[in-house]
Amino acid sequence: MPAVSDRVPAGADPAPQGSVPGPAAADATLPPRVRTAVGVDLGGTKIAAAVVDEHARILARATVPTPAQDGPAAVLDAAAESVRQALRSAPVSDSAVLGVGIGSAGVIDPVRGTVVSATSALKDWAGTALCAELAARLRGEIPTLRGPGSCLAVNDVHAHALGEASAGAARRASSALLVAFGTGVGGCFVLNGRVLTGHRSAAGHLGHLPSPAAAGMPCTCGAQGHLEAVASGPAVHAAFVRSVRDAAPADTRGVFELARAGSPEARRIIEAAAAAAGEALAGVANTLDPEAVVISGGLAGSGELWWTPLRQAFAAGLIPALRGLEPVPAALGPDAAVLGAASLILNPSATEEIP
Ligand SMILES: [Zn+2]
């Protein structure tokens, strides 16, 4: 089985995924030999579905709100509706759709297609038979959903990483470490197109690496001193609130605006958060020696205020054998998750255990 990164033909547009075909293309149904899959990105606020072909091109897409507090049945109904909406505007015949791949919030068992555990962002989500339930809702529209391997699921961070590894910033890399810095800090290691999900499906929690900058600080996981307590977006805001009290802006974005306007304290806190991130990433890179390191998440879109100290700390922490390795920004934005989810079907080895 070739690596996912080999599936994008040489010379292909590196990021054609943002475009949806115009009316002329959508009117013409593609021949059944075109292999496609539906990728679903199931999050706490919205569910995105996209029909994706084997060259990682998005042919059609749909987004619906997540009824997050209405229980699993309502969420699954909404997910099925997002798939139906995407298929209705896709220029493919039913027989060309090989199946549905899902990237979902929560810890997901990719073998059973079930939700192992989840936060309260999705009410009662833990224990949901995600793949079986979604396939049951969609068999009328997608005949192939009866077959083995036709509905597969991973965690949304893993799906995001698979997308970047198959069609984004790491598409030419045989191994990649992908890390998101946003509301939380999470990541994934992808080797030859396969995502390392771990024995308990929980691999990649890089936010819970110990960080000297977070010494003594409580973490969202209940422990102390973890990277997420200093390097997530909310952590940057919280540090600024602790420092200036009443003069703090309402959110992380406001801290960055103050830094750009010349606030030394805002700048110091952002630099400390980015340096802690870079230092921790260097440690993981030293351990895994990935060909590429890709950074995504809200903080990755915040400019050089954050990237420069991150790059400096990362370079300073590398062992000599890894010198020259540099983190790069993710390329696909939110499309990474639906593309990665679809790649579960289009590249069935994506979640097999790494030998
Ligand atoms: Zn933690």
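Asp-156, Val-157, His-158, Ala-159, His-160, Ala-161, Leu-162, Gly-163, Glu-164, Ala-165, Ser-166 and Ala-167 are the buried residues of helix α4. Here, buried means that 20 or more other C-beta atoms, placed from the backbone, lie within 10 Å of a residue's own; 12 or fewer makes it exposed, and in between it is partly exposed. Helices (H or I, at least four residues) and strands (E, at least two) are DSSP runs, numbered from the N terminus. You are looking at a predicted model, in which local features need pLDDT of at least 70 and side-chain atom pairs count only at pLDDT 80 or more, while totals for chains, interfaces and linings use all residues. Residue numbers start from 1 along each chain as its sequence is written.

**The whole protein**
- The protein has ten helices and twelve strands.
- Of its 355 residues, 50% count as buried.
- Two residues are in contact if their C-beta atoms, placed from the backbone, lie within 7 Å. Among contacts with a separation of 6 or more, 68% come from residues 24 or more positions apart.

**Helix α4**
- Twelve of the twelve residues of α4 are buried, so the helix is largely enclosed by the rest of the structure.
- The expected span of a helix is 1.5 Å times one less than its number of residues. For α4 (residues 156-167) that gives 16 Å, and its end C-alpha atoms are 16 Å apart, which agrees.

**A five-stranded sheet**
- Strands of a sheet pair through backbone hydrogen bonds, either parallel or antiparallel. Two strands count as paired if DSSP finds at least two bridges between them.
- Follow the open sheet in the order β10-β9-β8-β11-β12 and you will find mixed pairing. Its edge strands are β10 (194-195) and β12 (327-329), each pairing on one side only.
- β8 and β9 run antiparallel and are joined by seven bridges. They form a hairpin with three residues between them, and Ala-180 has Gly-186 in β9 as its bridge partner.
- β9 and β10 also run antiparallel, with two bridges, and Val-190 stands opposite Val-195 in β10. Their hairpin has two residues between the strands, and Asn-192 takes a positive phi near 50 degrees there.
- β11 (residues 292-296) pairs with β12 in the parallel sense over three bridges; Val-293 has Pro-327 in β12 as its bridge partner.
- Six of the seven residues of β9 are buried, so this strand is largely enclosed by the rest of the structure.

**The nonpolar core**
- A nonpolar core is a set of buried Ala, Val, Leu, Ile, Met, Phe, Trp, Tyr and Cys residues joined through C-beta atoms within 7 Å.
- The largest one has 115 residues, and Val-38, Val-40, Val-100 and Leu-134 have the most contacts inside it. Helix α8 gives the largest share of this core, eleven residues.
- Domain 1 (4-9 + 16-163) and domain 2 (171-329) both give residues to this core, so it lies between them. The domain bounds come from an automatic or database domain assignment.
- Leaving aside neighbours within four places in sequence, the contacts of Val-38 include Ala-49, Val-51 and Ala-342.

**Two positive phi angles**
- Ala-56 has a positive phi of about 60 degrees although it is not a glycine. Ala-56 is found in the loop between β2 (46-53) and β3 (58-65), and it is buried, with 28 other C-beta atoms within 10 Å.
- Ser-201, also not a glycine, has a positive phi near 65 degrees. Ser-201 lies in the loop between β10 and α5 (228-231) and is buried, with 22 other C-beta atoms within 10 Å.
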